[in-house]
Amino acid sequence: MANQGTPAFFEQQLNSAQTAVNSGDFKRAFNLFSELQILAPTRGDIYFYFGCALLTVEEFDAAIQQLSKACQLLPAQHEPLFRLADAFEAVNSFSDVETVISFALKQFPKHPEVIYRAANFYKEIGQLNKADNLAAACIVHSHDMLLSSYAWLLRLNLSQLQDVAPALDALREINDKIPELANNASNKKKLQMITNYALGRFFELEKNTNEAFKHWQIANQLQLSMCDYEVKDLIPLFEAIKTNSTTLAAGSNRTTSFTPIFILGLPRTGSTLLEQTLCRHSDVSSLGEQAIIANQVVKLIAHHTQQPYPLFMQELNSEKRRALCQEAATLYENAVKKRQLNTPFVIDKLPANFQSIGLIKTVFPHAKIIHLSRNFADTALSIFKNHFAANEPYLCDLGELSAYHKLYKNLMQHWRQIDENEIFEITYENLVTAPELSIEKVLTFCGLSHQQLVRYTEKDKQPVANMVKTLSSVQVTEPLHQRAIGQHISYAAYLQKNGLETD
């Protein structure tokens, strides 16, 4: 063992701290980091690793302090700036995010990763022209084909290009080089996948449905090969949810100081559009899509009951577990407060929360559940043509999506049979064809006052109410339109041939 105070001892302790983080022993990790900072107060890497660990456990304010110091001590590295931006974003301090992003661009004006990160930030806050210019600069400075493909996909999705022909030439050049890469080349499969998603988008803009679908099909097949399960593996879970969840509310007592609004359903059904509309109300803010229910609330209850979800549901309905439900609600409330959301109503729009409606209403009897649905063929096309970061089989295969759709519909019917009055049903089609009436109904259901500012105009470009991290970040800046209704019709034969099953 190295002697205390020697460089070897220092590196040994730093490795031990990082190992503790990886194993989830954060208490030990934080003690080690604190000791190391006393030994070497000018080592920026300690502050960086400490800040990243604090981010993991959602100690955002402490993470900001550590990462700010890391940025000062590591001026030649851009990663501390990225992580500091993540920390500011977590507490919804978007002006600080922009300050960090702007500083990073000044410090690293030709660094393609910095430029690409900045492009995505400006896309997420609705500054699409600036995002497009930065994505173009990323392509100019990048020597990495994967990053270039991502940048081209971003530019095509932004729809700011006056001439899309250069995109085709560049993407075909990348695609032609892929076979030359060694089979074990890092990111070869991902490169081919992203390039084909981008080519699909190019041909969609050119209204060449055959070529567009061909490239989307290649991209989806590649992503499906990266998935480690099939939808049929979820059947026991969905059956267990129905068996163990037989109520939607354990009582009427308020368990948080704010009213949670859960917008849920399938992806690509308009949840971001609805969220952005509601967030223009002075009493509403949003968590976005964060798995606090699945990752924190479920984990807490499972620990106390020594049973996984959904097996612990029957036990939660007993009187002796009321205190545990309140503890879970307080945990959720604290997670919201850490993100500096202080409005009377807070939106949680993770689509997959439809699997936890019974749990949500047990822990939060006063919560509002909004189920958003859309024509399934339109939903399927929107999922199929877009790249999702998560490798989930139902997001990259039409047959798998059809199977998932059946599980989803069956479970939603289960919740309705228990108490349909607890779930507000709204369709994407009604939201865009009769927006004022639809929003008035949502406001009434949630108990929100009716404010003119939340209503859409049909002409003006919509400013984003907060950062939009989903695939809908471009669409929600557009004037309200109905063009996406029936969009699947041009691709109906392709969708059916490739496994889509509609009712």
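**View 1. Strand 1 and strand 4 (residues 368-373) pair in the parallel sense over 5 bridges in this predicted model.** Strands here are DSSP runs of E with at least two residues and helices are runs of H or I with at least four residues, both numbered from the N terminus, and two strands pair if DSSP finds at least two bridges between them. Within this pairing, Ile263 has Ile370 of strand 4 as its bridge partner. Residues are numbered from 1 along each chain as its sequence is written. Local features need pLDDT of at least 70 and side-chain atom pairs count only at pLDDT 80 or more, whereas totals for chains, interfaces and linings use all residues, and side-chain values use heavy atoms, with hydrogens and water left out.

**View 2. Strand 3 (residues 345-348) is joined to strand 1 and to strand 2.** Strand 1 (residues 259-265) runs parallel to strand 3 and is joined to it by 4 bridges, with Asp348 as the bridge partner of Phe262. Strand 2 (residues 284-286) is also parallel to strand 3, through 3 bridges, and here Ser286 has Ile347 as its bridge partner. Phe345 and Ile347 point one way from strand 3, while Val346 and Asp348 point the other way, and all are buried, buried meaning under 20% relative accessible area with a 1.4 Å probe and protein chains only.

**View 3. An open sheet of 5 strands has the order 2-3-1-4-5, with parallel pairing.** Strand 2 and strand 5 (423-427) stand at the edges with a single partner strand each, so one side of each has no neighbour in the sheet. On average, neighbouring strands of this sheet are turned by 25° against each other, direction ignored, where the axes are lines fitted to C-alpha atoms and angles run from 0 to 180 degrees between N-to-C directions.

**View 4. Helix 3 (residues 44-56) is largely enclosed by the rest of the structure, because 10 of its 13 residues are buried.** From its first C-alpha to its last, helix 3 reaches 19 Å, close to the 18 Å expected at 1.5 Å a residue, the expected span being 1.5 Å times one less than the number of residues. The buried residues of helix 3 include Tyr47, Phe48, Phe50 and Leu54, and its buried residues pack against helix 1 (7-23), helix 2 (26-39), helix 4 (60-73) and helix 5 (79-90), contact meaning heavy atoms within 4.5 Å. Glu58, which follows helix 3, has a positive phi near 65°.

**View 5. Thr195 lies in helix 11 (residues 188-205).** Thr195 counts as buried because its relative accessibility is 0%. Not counting residues up to four places away in sequence, Thr195 touches Ser149, Leu171, Ile174, Asn175 and Ile178.

Methods: Buried means under 20% relative accessible area, exposed over 50%, partly exposed in between (1.4 Å probe, protein chains only).
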